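Biologist: Please pick one part of this model and walk me through how it packs. I'd like the close-up, with the terms spelled out as you go.

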Amino acid sequence: MKVFISQPMRGKTTEKIKEEREQIVQELEKQGYEVINSILDISEGRSPVFYLAKSLELLDEADCVVFMKGWQEARGCRIEHMTAVEYGKFIKELK
């Protein structure tokens with residue numbers, strides 16, 4: 001089963017994003033899940049819509065979407081959540 005992790009990323013470095021999700025990725029992989037690498041290279045300085053579109057492409061490959069704490073306050077995560085709901089993805093919200 002492939003898992004997509006939705007995580008607030010605004011204002012964070014790529015290193016900080018990886019650090020925040022490291023434990024979750026390890027736990028999921030230990031349980032036999034394949035975690036989709038959804039960390040995009042933000043150093044390109046593209047628009048938020050560009051990165052959201054790329055993120056939705058990756059979400060399409062997932063069977064399950066895990067939403068990290070704080071997702072409700074992040075515009076991109078809310079759009080990913082709406083997409084996951086509307087397209088019948090299994091959803092897990094972390095507290």
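Modeller: For helix packing, an axis is a line fitted to C-alpha atoms, for helices over the stretch in contact, and angles run from 0 to 180 degrees between N-to-C directions. Bear in mind that this is a predicted model, where local features need pLDDT of at least 70, side-chain atom pairs count only at pLDDT 80 or more, and totals for chains, interfaces and linings use all residues. Residues are numbered from 1 along each chain as its sequence is written, and side-chain values use heavy atoms, leaving out hydrogens and water.

Let's zoom in on α2 and α3. Helix α2 covers residues 48-60, and its axis sits 11 Å from that of α3, at an angle of about 35 degrees. (Helices, H or I of at least four residues, and strands, E of at least two, are DSSP runs numbered from the N terminus.) The crossing is right-handed, meaning the near helix is turned clockwise from the far one by less than a right angle. On the α2 side, P48, L52, S55, L56 and L59 make the contact, and α3 answers with R75, G76, I79, E80 and T83; contact here means heavy atoms within 4.5 Å. That set splits into 5 nonpolar, 3 polar and 2 charged residues (nonpolar being Ala, Val, Leu, Ile, Met, Phe, Trp, Tyr, Cys and Pro; charged being Asp, Glu, Lys and Arg; polar the others, Gly among them).

Now G76, which belongs to α3. Its C-alpha atom is 9.6 Å from that of L56, 20 residues away along the chain. G76 counts as partly exposed because its relative accessible area is 28% (under 20% is buried, over 50% exposed, in between partly exposed, with a 1.4 Å probe and protein chains only).

β1 (residues 2-6) and β3 (residues 64-67) share 4 bridges, with F4 partnered by V65.

Lastly, the largest nonpolar core has 11 residues, including F4, L58, L59, V65 and C77, with at least two from each of α2, β3 and α3. Such a core is a set of buried Ala, Val, Leu, Ile, Met, Phe, Trp, Tyr and Cys residues joined through side-chain atoms within 4.5 Å.

Notes:
Two strands pair if DSSP finds at least two bridges between them.
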